[in-house]
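Subject: Structure handover

Hello,

Here is the structure you asked for, with my notes below it. Please read them with the model open beside you.

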Amino acid sequence: KIAIKGIERELICPACKELFTHPLILPCQHNICHKCVKEILFAFEDSFADGGSESSNQSSPRIRIAASSMDRIDRINRSGRKRNSLTPRSTLFPCPSCQRDIDLGERGINGLFRNFTLETIVERYRQAARAAIAIMCDFCKPPPQESTKSCMDCSASYCNECFKIHHPWGTVKAQHEYVGPTTNFRPKILMCPEHEMERVNMYCEICRRPVCHLCKLGGGHANHRVTTMSTAYKTLKEKLSKDIEYLISKESQVKAHITQLDLLLKETECNSERAKQEASQSFEKLYCVLEEKKSAALRAIETSKNIRLEKLQTQVEEYQGLLENNGLVGYAQEVLKETDPSCFVQTAKQLHVRIQKATESLKSFRPAAETTFEDFVVDTAKQEDILGDLSFHSNGLEIPEINEEQSRMYNKALISWECSGKTDSADIYVLEYHKLNKEEESVTWQKTEVCGKSKVLSDLDDDSSYAFRVRGYKGSICSPWSREVIMRTPPAPVFSFLFDDKCGYNNEHLQLNPRRTSVESRAGFPLLLGSERLQVGCFTTLDYIIGDTGIAKGKHFWAFNVEAYSYLVKVGVVPSSKIQKLFHNTPDVISPRYEQDSGHDSGSEDTFFDSSQPCTLVTLGMKKFFIPATPAAPKDPASRILPLPSCLGVCLDCDRGRVGFYDAGRMKCLYECEVDCSGLMYPAFALMGGAAVHLEEAVTAKDREYHDDI
């Protein structure tokens with residue numbers, strides 16, 4: 001007789017949730033019924049044959065495949081592994097215990113050991129649970145008699161008369177081994193599943209399983225470290241016995257921990273009720289406006305209480321398993337009764353690891369949950385204008401701050417934020433924004449929940465300013481709002497285009513990237529060879545490139561970046577009627593023979609020069625933005641030179657015939673002029689010397705994923 005109460009959890013199959021029947025040991029050292037392994041693999045076969053239909057999941061009344069397991073079936077199917085039988089080459093099996101895909105090898109189920117030790121313990125448990133229900137004779141004519149003994153060689157049970165008939169004196173069968181009535185028949189010798197005629201006599205320390213001498217000589221364990229079965233049996237049994245003795249010697253300490261946990265359970269109950277009472281009193285003062293918030297707070301406290309109670313209750317059950325004849329220790333004590341070295345070794349290794357973990361847990365006892373509810377204190381001193389945001393505040397939750405450098409306003413808005421502290425980050429963030437409008441008296445914030453630390457917004461109006469703020473939530477606890485950040489959207493819808501690599505493109509002086517979003521000027525050997533023939537001056541000209549898409553009407557905006565090392569870049573627009581003139585009659589403004597200034601300051605030269613240009617361009621270079629010299633521009637040249645923004649934008653309004661040049665980071669107009677929009681208008685760029693221009697890329701959902709990864 002054994003103390004069976006308390007060890008049921010150790011004897012339940014993780015797949016069918018019933019007592020083990022002919023349990024097999026998986027390579028991950030977990031146990032599962034032989035029938036369950038076959039049914040799961042059959043379900044896999046059905047899913048591959050039927051395309052994963054729902055009907056294939058219900059083929060077995062004994063076991064159901066969970067949704068997560070079906071996801072793994074699909075993943076294995078996509079990997080291209082063939083599954084034409086139950087024992088295919090390299091069979092994958094989803095272990096129900098560790099939720100990992102286990103490789104059963106070429107032999108599949110046939111390569112798994114049967115856990116006879118566990119099977120024996122289950123049989124003893126069954127007999128004790130059934131109060132030793134009689135086992136009937138297998139050979140009696142109806143009605144069968146109660147059996148009195150079972151033959152381990154014949155794997156059958158007999159009454160006295162049938163045993164004498166089938167095991168007569170003087171025959172070989174008379175020498176068979178017989179025991180009391182049982183349904184658990186185990187072989188006398190544990191044979192190797194890979195070499196069925198060989199008995200296991202060694203233990204592989206790498207694979208943690210018994211092996212035979214053929215496995216060691218030329219099988220899969222040829223280069224593995226092995227030891228004799230007797231040595232492994234002795235070593236593991238000594239370790240397991242020592243650890244179990246330690247746990248049993250600490251039984252008073254385990255009981256003390258259980259008593260302490262029981263008190264913590266009661267204390268948690270009392271404190272949670274007290275916290276709910278205080279929260280209810282606080283919310284009742286705020287009348288119907290706070291009724292919704294009141295329910296939310298009570299639900300939050302209840303949820304926290306349930307989580308804590310569950311953690312503490314689980315901890316109680318874990319420590320109850322450390323008592324003698326109970327749970328894990330009880331199961332381990334039953335394993336120690338195993339006398340067969342091979343059977344014992346294949347069971348004891350994984351059990352010893354669990355016992356060691358239980359020992360470490362006992363040495364460093366710590367309650368699994370706190371009993372106080374100090375974070376659930378409601379502050380009712382806030383004004384009425386923030387009642388909509390009333391929640392439990394925690395000083396330990398970092399205040400997120402919007403990162404203006406990583407945030408972008410273009411075709412969509414990408415808002416990114418970060419937390420600078422080392423405390424735990426929030427589980428979820430709430431981003432709020434509203435359009436700035438002086439005419440509106442009250443502000444209506446739009447709200448969106450975000451799991452990461454960035455959000456792409458696509459519902460913002462053009463040429464408008466918006467205020468943004470963000471706060472973090474961890475459960476029902478939230479951080480204060482971040483500092484409000486004001487950002488402005490582009491003045492018009494974003495116009496998308498690429499650099500044109502055909503029309504007038506000079507591949508000797510300009511270099512495009514494969515995506516045609518960046519262009520770089522390079523002088524190279526052609527310029528050196530050309531200048532070698534010259535004795536005086538330099539006749540270097542601008543190299544032009546345009547966009548591959550034209551604009552016929554409406555208002556459009558595009559942005560780009562100019563590298564800081566760029567010597568000279570011109571940007572603007574060109575009508576389709578003047579593209580040929582742009583590429584074939586480019587004025588040489590750098591040559592010493594060209595003299596724009598006649599010596600007086602009438603300004604007529606500037607006017608003549610501007611009117612002679614085939615396109616409208618502004619000059620950039622040497623980290624400066626040069627406002628063109630026009631009658632309306634300041635006379636002082638120094639006042640027409642501005643720092644070069646990190647990102648520049650061009651806004652073309654074909655309906656009004658105007659083009660504007662913007663600081664795209666702040667959406668501030670730096671210069672605006674009239675332009676002839678009688679035909680198709682193309683974005684135009686000119687580079688000279690070392691220079692590079694990169695088109696601003698559109699904001700997509702990938703930008704949010706990228707910033708979240710950062």
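I start with a pair of helices. Helices α6 and α9 pack at an angle of about 145°, and their axes lie 11 Å apart. The crossing in which α6 passes α9 is left-handed. On the α6 side, the residues that take part are K237, L240, S241, I244, L247 and I248, and they meet V329, A332, Q333 and L336 in α9. Sorted by class, this contact of α6 with α9 has 7 nonpolar, 2 polar and 1 charged residues.

Please keep in mind that this is a predicted model. The mean pLDDT of the chain is 77, and 77% of its residues reach 70 or more. Two stretches should be read with that in mind. Over residues 75-88 the pLDDT stays under 50, and the model has 31 contacts for them beyond four places in sequence. The pLDDT is also below 50 over residues 587-612, a stretch with 25 contacts in the model beyond near neighbours in sequence.

Helix α9 covers residues 327-336, and α9 packs with α10 at an angle of about 150°, the axes being 11 Å apart. Because angles over 145 degrees count as roughly antiparallel, α9 is roughly antiparallel to α10. The crossing of these two, α9 and α10, is left-handed. Which residues of α9 meet α10? They are L328, Y331, A332, V335 and L336, and their counterparts in α10 are F344, T347, L351, R354, I355 and A358. By class, the contact of α9 with α10 has 9 nonpolar, 1 polar and 1 charged residues.

The remaining pair is α6 with α10. Helix α6 spans residues 229-249 and helix α10 spans residues 341-363; they pack at an angle of about 30°, with axes 9 Å apart. That angle makes α6 roughly parallel to α10. The crossing of α6 and α10 is left-handed. The residues of this contact divide into 14 nonpolar, 4 polar and 5 charged.

F365 sits in the loop between α10 and β12, where β12 is 392-393. Leaving aside residues up to four places away in sequence, F365 touches H257, Q260, L261, Q315 and Y319. F365 and V254 are 111 residues apart in sequence, while their C-alpha atoms are 9.8 Å apart in space.

Now the sheets. What is the strand order of the open sheet with 6 strands? The order is β24-β33-β26-β27-β28-β29, and the pairing is antiparallel. Its edge strands, each pairing on one side only, are β24 (543-546) and β29 (641-643). On average, neighbouring strands of this sheet are turned by 25° against each other, direction ignored. Within the sheet, strand β27 (residues 616-621) and strand β28 (residues 624-626) run antiparallel and are joined by 3 bridges.

Another open sheet is formed by 3 strands in the order β7-β6-β8, with antiparallel pairing. The edge strands here are β7 (156-158) and β8 (178-179), each of which pairs on one side only. Strand β6 (residues 149-151) pairs with β7 over 3 bridges in the antiparallel sense. The bridge partner of C151 in β7 is A156.

Regards

Conventions: Residues are numbered from 1 along each chain as its sequence is written. This is a predicted model: local features need pLDDT of at least 70, side-chain atom pairs count only at pLDDT 80 or more; totals for chains, interfaces and linings use all residues. Side-chain values use heavy atoms; hydrogens and water are left out. Axes are lines fitted to C-alpha atoms, for helices over the stretch in contact, and angles run from 0 to 180 degrees between N-to-C directions. Helices (H or I, at least four residues) and strands (E, at least two) are DSSP runs, numbered from the N terminus. Angles under 35 degrees count as roughly parallel, over 145 as roughly antiparallel, 65 to 115 as roughly perpendicular and the rest as oblique. A crossing is left-handed if the near helix is turned anticlockwise from the far one by less than a right angle, and right-handed if clockwise. Ala, Val, Leu, Ile, Met, Phe, Trp, Tyr, Cys and Pro count as nonpolar, Asp, Glu, Lys and Arg as charged, and the others, Gly among them, as polar. Contact means heavy atoms within 4.5 Å. Two strands pair if DSSP finds at least two bridges between them. pLDDT is the predictor's confidence in each residue, from 0 to 100.
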